[in-house]
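Subject: Structure handover

Hello,

Here is the structure I promised to pass on. Please look it over, then read my notes below.

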Amino acid sequence: MKKILLTAIVILLTANTVVFAQSTVTGGASSQTGGKASTVIGNSGNGGPIPVLSNPLKFKTLEGLISGLVKIALQLGSMIAVLALVWVGFLFIVAQGNDSKITAAKNALWWVIIGIAILFGAQLIMEIIKGT
């Protein structure tokens, strides 16, 4: 029963991910593809126009790309850090005075603090480099 249910869920989740090929652009200097205008230049030699690819990213420079990646890493890392702090709190509660478990929870807390420092240190280093 579980196998059938899992198979049904996988089919339902992947059913709408069918990819269709882009139709060939014919004639004109520009055409509408996917809601974005793309300019067509030249000829491919076999009678069909050559479409110009547009940049799908919102970043125009390498600096912008790195800045965006660090921002995403900081947002995801902050969420993970909050969950890790909750987990460490849970470890302290479960320890109930057991010295070895309290030591393990303290070590986990230090590693979470080090991870948070690395996250914000990366942001700080990026801002310092960007300012120069």
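Ser 67 lies in helix 2, residues 62–95. Helices here are DSSP runs of H or I with at least four residues, strands are runs of E with at least two, and both are numbered from the N terminus. This is a predicted model: local features need pLDDT of at least 70, side-chain atom pairs count only at pLDDT 80 or more, and totals for chains, interfaces and linings use all residues. Residues are numbered from 1 along each chain as its sequence is written, and side-chain values use heavy atoms, with hydrogens and water left out.

Ser 67 is buried, at 18% relative accessible area. Buried means under 20%, exposed over 50%, and partly exposed in between, with a 1.4 Å probe and protein chains only. Setting aside neighbours within four places in sequence, Ser 67 is in contact with Met 126 and Lys 130. Contact means heavy atoms within 4.5 Å.

Now helix 3. This helix covers residues 99–131, 33 residues in total. From first C-alpha to last, helix 3 reaches 48 Å, close to the 48 Å expected at 1.5 Å a residue. That expected span is 1.5 Å times one less than the number of residues. The buried residues of helix 3 are Ala 105, Val 112 and Met 126. They pack against helix 2.

Last, the whole chain. The protein chain has three helices and three strands. From the N terminus, the order is α-β-β-β-α-α. Of the 132 residues, 12% are buried.

Best wishes
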